[in-house]
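Here is a short briefing on one protein chain. Look over the sequence and the fold before reading on.

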Amino acid sequence: MLNNFVFYLKLAWFCFRLFSNLLTFLLVFLFKKINQSRLAPILIALSISLVWILNFYLVSQRSTTEINLIKIDSISNLDKKSQIAQTVRVKEINLAKKIEDYEKINKKEIKNLGLYLNLAQLNKIVENADLAKEYFDKAQLIEPQIKYLEN
């Protein structure tokens, strides 16, 4: 295990050195091919365009809303069933796809507490309260001590 880790570190270092050497060679080649007087305007235009591209990327990332979901998975270990919950950030655009994926699983008539709780949570987020309550009731049939949260 440690040998593999050391090997991957050496491989990563080798790749980094190779990349930096290729980049240096490219820059030296460009400096020699392009006249020095034309180099400054080209570099300025390139840097300005990179800054604009970065700004557009950041604006698009900030404008897409994300929702924190609690994803629940069931794991069974030697006759013990336990639930693992983890927080997942999902973009609002992907909610319909997630609901569709969970619905496909639900159509296979798999009775799973995590599946029902995830479907209830997603339907509550998209303001489909009746369906969310229905899935929560199915989850409560599996695990009766779960309480419905109205908030």
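Helix H1 (2-33) and helix H2 (36-63) each supply at least two residues of a nonpolar surface patch. H1 gives the largest share of that patch, 8 residues. The model is predicted: local features need pLDDT of at least 70, side-chain atom pairs count only at pLDDT 80 or more, and totals for chains, interfaces and linings use all residues. Residues are numbered from 1 along each chain as its sequence is written, and side-chain values use heavy atoms, with hydrogens and water left out.

**Nonpolar patch**

- The patch covers about 1,200 Å².
- Its members are Phe19, Leu23, Phe25, Leu26, Leu27, Phe29, Leu30, Phe31, Leu43, Leu46, Leu50 and Ile53.
- Patches take residues with over 30% relative accessible area and no salt bridge; like charges are joined within 9 Å, and nonpolar side chains (Val, Leu, Ile, Met, Phe, Trp, Tyr) within 5 Å.
- A salt bridge puts a side-chain nitrogen of Lys or Arg within 4 Å of a carboxyl oxygen of Asp or Glu.
- Leu46 sits in helix H2.
- Leu46 is partly exposed, at 47% relative accessible area; buried means under 20%, exposed over 50%, and partly exposed in between (1.4 Å probe, protein chains only).

**Overall architecture**

- The chain holds 5 helices and 2 strands.
- Their order from the N terminus is α-α-β-β-α-α-α.
- Helices (H or I, at least four residues) and strands (E, at least two) are DSSP runs, numbered from the N terminus.
- Of contacts between residues at least 6 apart in sequence, 43% join residues at least 24 apart; a contact means heavy atoms within 4.5 Å.

**Surface and burial**

- Of the 151 residues in the chain, 17% are buried.
- The accessible surface is about 12,600 Å², and 64% of it belongs to carbon and sulfur atoms.
- Areas come from the Shrake-Rupley method with a 1.4 Å probe; for residues, only the protein chains shown count as cover.

**Aromatic pairs**

- The whole structure has 5 aromatic pairs.
- Phe7 and Tyr8 make an edge-to-face pair, because their ring centres are 5.5 Å apart and their planes stand at 65°.
- Phe7 is partly exposed, at 48%, and Tyr8 is exposed, at 55%.
- Tyr116 and Tyr135 are stacked, 6.5 Å centre to centre with 20° between the planes.
- Tyr116 lies in helix H4 (residues 113-125) and Tyr135 in helix H5 (residues 129-142), so this pair ties together parts 19 residues apart in sequence.
- Both Tyr116 and Tyr135 are buried.
- Rings of Phe, Tyr and Trp (its six-membered ring) pair if their centres lie within 6.5 Å; planes under 30 degrees apart count as stacked, over 60 as edge-to-face and the rest as tilted.
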